Amino acid sequence: MNKPTVGIFGLTGCAGDQLVILNCEDQLLDLVSLIDIRDFLMASSENDDDCPLDVALVEGAVLSKKDAEKLRSIRKRAKVLVALGTCAVWGGVAAMDRGADRRKLLQEVYGETGPVYDSVPAQALHEIVKVDLNITGCPIEKDHFLGAIGNLLNGDAPVYPEYPVCSECRMLETNCLLIERGQLCCGPITAAGCQARCPNLRVACVGCRGPVRDANPSSLLAAFEEKGFDRRAIAARLRTFAPEGGPQ
Amino acid sequence: MKTVVIEHLARVEGHGGITVELEGRTIGKVRFDVFEGARLLESLVRGKRYDEVAPILSRICSICSAAHSLTSLKATENAFGVKISPQAELLRELLYLGESIESHALHIFLLAVPDYLDFPSAIALAADKPDAVLLGLRLKKLGNLIQETIGGRAVHPVNVVPGGFGSTPTLDQLIELRNALAEGMKATNAVIELVGSLPPADFCHCETAYAALLSPNRGSYYAGDEVVVASNGNRSTLQAADYRKLANEQSVLHSHAKHSSFHGKPFMVGSLARLTVNPQRLPARWRYRWIASS
């Protein structure tokens with residue numbers, strides 16, 4: 001059997017999801033014996049930027065016309081397009097305030113030069129092209145990436161938790177930061193899959209994996225208000241990694 | 001005149017391209033262009049609650065996410081006049097060093113060495129020199145183990161918070177880390193031998209200014225209060241709090257990355273700069289080799 005052809009791409013972001021791939025130190029050399037990585041600019045200087053791909057893994061959000069163009073050309077080449085990480089799936093931190101006056105923000109950061117730049121409000125991949133699989137996380141979990149490659153090699157679709165971080169906390173018997181400590185913890189509406197990493201370290205969940213399916217933010221809002229937080233602070237916290245509306 | 005454009009540089013941390021103007025065989029202007037989209041995080045953190053800022057700013061870059069988190073926390077703690085415990089200082093320093101180990105191993109073995117040995121990637125290099133690549137991956141993994149143990153995650157640490165840490169590592173975790181570090185020390189010696197055996201880069205060397213935090217005696221690059229700019233034997237010292245004198249950012253049309261200069265000239269930061277400013281931090285046997293080679 002021919003090895004499936006794979007491309008790994010970064011739009012605008014921190015390169016964290018590509019870094020998670022390179023952080024698979026124990027699996028990296030086995031991984032490249034199973035898949036044929038043709039296009040991976042971050043790790044190789046010999047890339048075929050035109051060939052058809054069985055799988056394209058794309059991280060980062062679309063923040064420029066150039067990003068959108070690049071994404072469309074990747075989509076044309078790929079049988080399966082995978083959005084890798086919260087920026088690609090939801091928009092990520094750059095999308096937290098995307099209703100704001102962009103010209104003003106550009107001026108604040110870059111002065112008069114700013115508004116000249118090729119710059120658009122952050123968009124997730126699904127807002128521009130069809131996405132076949134979402135692997136969320138900021139960054140993605142190593143196991144989710146490796147598992148997805150295993151699944152795709154076997155012709156299966158990976159399955160990710162459709163329950164909130166709270167469920168993982170309960171399974172780990174972690175004390176509740178919201179109810180017992182009155183902290184602004186986003187666990188109740190955030191997609192699980194991280195083994196409740198932060199609450200387990202007694203740090204409130206910031207929602208970096210994006211909303212869980214069927215999230216109930218209004219009930220969380222009431223719980224937060226009961227603990228004395230104001231609506232503005234709550235709304236800002238809940239939208240740090242994902243604007244309203246999403247890929248589901 | 002001829003213009004050479006490399007739109008996307010491969011094997012770099014981040015995105016960038018280079019434009020070179022050639023007059024015959026003479027190089028004229030060289031421009032480094034970063035056209036990554038503008039995320040405007042500087043503006044987006046305004047109005048956020050004090051504990052929301054570090055997790056946002058860590059996302060500036062994954063490879064140096066610990067440094068971005070720690071710098072942001074330091075600023076937040078300074079604003080509140082909060083002094084963290086000596087234990088928290090030490091743990092943060094360890095986290096930062098873990099990041100340096102990971103980032104340097106990544107840079108050397110996965111990004112830079114393939115060029116020295118004429119391979120397109122570390123993956124291709126592994127077919128020919130598996131030991132060298134495995135050595136690099138082992139060291140890289142050690143840096144990540146430190147970051148996972150102290151920071152709670154290898155990329156974008158979650159355990160560092162204003163005032164200190166969410167949780168401190170357990171004794172068992174620290175013993176595991178100590179054993180891994182003892183093994184890592186052996187790997188480091190092998191890495192220095194290997195890097196020392198690489199053919200020297202043959203591009204021209206021009207006078208460069210290097211800027212880095214001056215490392216206080218106990219050897220931290222995290223806790224320094226002074227910045228030294230070293231150029232051709234001259235050293236100028238600035239207080240770290242006056243960083244704007246050095247990071248006097250100017251926007252340019254050809255790149256989304258701002259430019260900074262010191263007395264009108266560009267300067268270099270990073271590992272070479274840290275070594276240039278702090279050679280005394282190297283163990284004696286490596287210090288002599290470093291001084292002889294620079």
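Reply: A residue is called buried if 20 or more other C-beta atoms lie within 10 Å of its own, exposed if 12 or fewer do, and partly exposed in between, with C-beta atoms placed from the backbone. Residues are numbered from 1 along each chain as its sequence is written, while chains are lettered from A and ligands numbered from 1 in the order in which they are written. The model is predicted, and local features need pLDDT of at least 70, side-chain atom pairs count only at pLDDT 80 or more, and totals for chains, interfaces and linings use all residues.

Helices (H or I, at least four residues) and strands (E, at least two) are DSSP runs, numbered from the N terminus.

Within α3(A), the residues Asp67(A), Leu71(A) and Ile74(A) are buried. They cover an arc of only 60° around the axis, which puts them on the same side of α3(A); the arc is that of the directions from the helix axis to the C-beta atoms. An α-helix has 3.6 residues a turn, so residues three or four places apart point the same way. The other side of α3(A) carries the exposed residues Lys65(A), Glu69(A), Arg72(A) and Lys76(A).

In all, 50 residues of chain A are in contact with 48 residues of chain B, where contact means that the C-beta atoms of two residues, placed from the backbone, lie within 7 Å. Among the elements of chain A that give two or more residues to this side are α3 itself, α1 (16-22), α2 (28-34) and α10 (231-238). The largest share, five residues, comes from α5(A). By class, the side of chain A that touches chain B has 29 nonpolar, 12 polar and nine charged residues. Here Ala, Val, Leu, Ile, Met, Phe, Trp, Tyr, Cys and Pro count as nonpolar, Asp, Glu, Lys and Arg as charged, and the others, Gly among them, as polar.

Still in chain A, the loop between β5 (133-135) and α6 (142-153) contains Pro139(A). The peptide bond from Cys138(A) to Pro139(A) is cis, with omega near 0°. Ile140(A) lies in the loop between β5 and α6 of chain A as well. With 28 other C-beta atoms within 10 Å, Ile140(A) is buried. Leaving aside residues up to four places away in sequence, Ile140(A) touches Asp17(A), Val20(A), Leu84(A), Gly85(A), Ile135(A) and Phe145(A). Although Ile140(A) and Gln18(A) are 122 residues apart along the chain, their C-alpha atoms are separated by 9.2 Å.

Two further loops show a backbone feature. Most residues other than glycine have a negative phi, and most peptide bonds are trans. Arg202(A), however, has a positive phi near 65°. Arg202(A) sits in the loop between α8 and α9 (217-226) of chain A, and it counts as partly exposed with 16 C-beta neighbours inside 10 Å. In chain B, Asp118(B) likewise has a positive phi, about 65°, and is not a glycine. Asp118(B) belongs to the loop between α4 and α5 (122-128) of chain B and, with 9 C-beta neighbours inside 10 Å, counts as exposed.

The axes of α6 (residues 130-151) and α7 (residues 171-196) of chain B come within 9 Å and cross at roughly 145°; axes are lines fitted to C-alpha atoms, for helices over the stretch in contact, and angles run from 0 to 180 degrees between N-to-C directions. The residues that make this contact include Leu135(B), Leu139(B) and Leu142(B) of α6(B) and Ala180(B), Gly184(B) and Ala187(B) of α7(B). By class, the contact has 12 nonpolar, four polar and one charged residues.

The loop between α7 and β6 (209-213) of chain B holds Pro199(B), which counts as exposed with 8 C-beta neighbours inside 10 Å. Pro199(B) and Tyr116(B) are 83 residues apart in sequence and 6.7 Å apart in space, C-alpha to C-alpha.
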